[in-house]
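Welcome! Work through the exercises below with the model open beside you, trying each task before you read its solution.

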Amino acid sequence: MKASVDQDICIGSGNCEATCPEVFEVRDGKSHVKVKTVPENHEDKVREAVDGCPVQAISAS
Ligand code: SF4
């Protein structure tokens, strides 16, 4: 799985980082994906982060 955040949409709420800090990091008011490939043991958390983003800025597949 790869994850990405649309920087134009992200409002920096921090939900994704709270859900999966191993993958997401909020810097300067925007979330950034820290890994090239999401480790398998974090895929469920990333899906949770996708669902929990208030502005649907996260894609993962
Ligand atoms: S949950 Fe969505 S809006 Fe909030 S920081 Fe993460 S990507 Fe940005």
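The model is predicted, with local features needing pLDDT of at least 70 and side-chain atom pairs counting only at pLDDT 80 or more, while totals for chains, interfaces and linings use all residues. Residues are numbered from 1 along each chain as its sequence is written.

**Exercise 1. Describe the surroundings of the ligand.**

Step 1: Sort the shell around the ligand by type, which gives ten nonpolar residues, five polar and no charged.
Step 2: Pick out the nearest of these 15 residues, namely Cys10, Ser13, Asn15, Cys16 and Cys53. Here a residue is near a molecule if its C-beta atom, placed from the backbone, lies within 6 Å of it.

**Exercise 2. List the elements of the protein chain in order.**

Step 1: Count the elements, where helices (H or I, at least four residues) and strands (E, at least two) are DSSP runs numbered from the N terminus. The protein chain has two helices and four strands.
Step 2: Read them from the N terminus on, and the order is β-α-β-β-α-β.

**Exercise 3. Find the centre of the largest nonpolar core.**

Step 1: Use the rule that such a core is a set of buried Ala, Val, Leu, Ile, Met, Phe, Trp, Tyr and Cys residues joined through C-beta atoms within 7 Å. Buried means 20 or more other C-beta atoms within 10 Å of a residue's own, exposed means 12 or fewer, and partly exposed lies in between, with C-beta atoms placed from the backbone.
Step 2: Among the 13 members, Cys16, Cys20, Val23, Val46, Ala49 and Ile58 touch the most others. At least two residues of this core come from each of β1 (3-5) and α2 (43-52).
Step 3: Look at Cys20, whose contacts (C-beta atoms, placed from the backbone, within 7 Å) beyond four places in sequence are His42, Lys45, Val46 and Ala49.

**Exercise 4. Follow the pairing of β2 and β3.**

Step 1: Strands pair if DSSP finds at least two bridges between them; β2 (residues 24-27) and β3 (residues 30-33) have four, in the antiparallel sense.
Step 2: Val26 faces Ser31 of β3. Two residues lie between the strands of this hairpin, where Asp28 takes a positive phi near 50 degrees.
Step 3: Glu25 also belongs to β2, and Glu25 is partly exposed, with 14 other C-beta atoms within 10 Å.

Technical notes. Ala, Val, Leu, Ile, Met, Phe, Trp, Tyr, Cys and Pro count as nonpolar, Asp, Glu, Lys and Arg as charged, and the others, Gly among them, as polar. Two residues are in contact if their C-beta atoms, placed from the backbone, lie within 7 Å.
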